[in-house]
Amino acid sequence: MKFIAGVDVGNSTTEVAIADIENGLNFVSSSLSKTTGIKGTLDNVVGILNSLTDACKKINIELSALDSICINEATRSEERRVGKECME
């Protein structure tokens, strides 16, 4: 299995989705937690780790089993590449 995690840090919640991308795109877990700190600051790391850890626990893997973690960034929509660089 090849696991990739997508993280979306929002103003009030931080969401994580994990997929196995070895043979296509198969979503296997997700989690939602309260965003910690002000969006776009290092304080967000706690909420990100909470969501990642919870999503991993649901499928009985450790964080270290994730092959890639993609985190959203606050940019103009025309500058986004919706996770493509994480899957290349």
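Guide: Let's start with one pairing. I4 stands opposite A19 in strand 2. I4 also stands opposite S68 in strand 4. Keep in mind that this is a predicted model.

Visitor: OK. How many helices and strands does the protein have?

Guide: The protein has two helices and four strands. From the N terminus on, the elements run β-β-β-α-β-α.

Visitor: In what order do the four strands sit in the sheet?

Guide: The order is 3-2-1-4. The sheet is open, and its pairing is mixed. Strand 3 and strand 4 are at the edges with a single partner strand each, so one side of each has no neighbour in the sheet. On average, neighbouring strands are turned by 15° against each other, ignoring direction.

Visitor: How many residues are in the hairpin link from strand 1 to strand 2?

Guide: Three residues join them. The hairpin of strand 2 and strand 3 has five residues between the strands. In that hairpin, G24 takes a positive phi near 100°.

Visitor: Back to strand 1. How many of its residues are buried?

Guide: Five of its seven residues are buried, so strand 1 is largely enclosed by the rest of the structure.

Visitor: Why does V7 count as buried?

Guide: Its relative accessibility is 5%. Buried means under 20%, so V7 qualifies.

Visitor: Which residue is the bridge partner of V7 in strand 4?

Guide: That is I71. V7 and I71 are 64 residues apart along the chain, yet their C-alpha atoms are separated by 4.7 Å.

Visitor: What else is V7 in contact with?

Guide: Setting aside neighbours within four places in sequence, its contacts include T14, V16, I48, L52 and I69. Two of the buried residues of helix 1, I48 and L52, are among those contacts.

Visitor: Tell me about T14, then. Is it buried or exposed?

Guide: T14 is buried, because its relative accessible area is 0%. T14 is found in strand 2. Its side chain makes a polar contact with the side chain of T35, at 3.1 Å. Beyond its neighbours within four places in sequence, T14 is in contact with residues including V7, S31, G47, I48 and S51.

Visitor: Switching to helix 1. Which of its residues are buried?

Guide: They are N44, G47, I48, S51, L52, A55 and C56. Seen down the axis of helix 1, these buried residues fall within an arc of 160°, so they line one face of the helix.

Visitor: What covers them?

Guide: The cover includes strand 1, strand 2, strand 3 and strand 4. Helix 1 lies across these four strands, and it runs at about 140° to strand 3.

Visitor: How far apart are the end C-alpha atoms of helix 1?

Guide: They are 22 Å apart. Helix 1 has 15 residues, and at 1.5 Å a residue it should span 21 Å, so the two values agree.

Visitor: What follows helix 1?

Guide: N60 follows helix 1, and its phi is positive, near 55°. N60 sits in the loop between helix 1 and strand 4.

Visitor: Is N60 buried or exposed?

Guide: N60 counts as exposed, because its relative accessibility is 71%. The cut-off for exposed is over 50%.

Visitor: Last one. How much of the protein is buried?

Guide: Of its 88 residues, 30% count as buried. As for contacts with a separation of 6 or more, residues 24 or more positions apart account for 41% of them.

Notes
Residues are numbered from 1 along each chain as its sequence is written. This is a predicted model: local features need pLDDT of at least 70, side-chain atom pairs count only at pLDDT 80 or more; totals for chains, interfaces and linings use all residues. Side-chain values use heavy atoms; hydrogens and water are left out. The expected span of a helix is 1.5 Å times one less than its number of residues. Buried means under 20% relative accessible area, exposed over 50%, partly exposed in between (1.4 Å probe, protein chains only). The arc is that of the directions from the helix axis to the C-beta atoms. Contact means heavy atoms within 4.5 Å. Two strands pair if DSSP finds at least two bridges between them. Axes are lines fitted to C-alpha atoms, for helices over the stretch in contact, and angles run from 0 to 180 degrees between N-to-C directions. A polar contact is a pair of N or O atoms within 3.5 Å; within protein, one must be able to donate a hydrogen and the other to accept it, and residues adjacent in sequence count only if both atoms are side-chain atoms.
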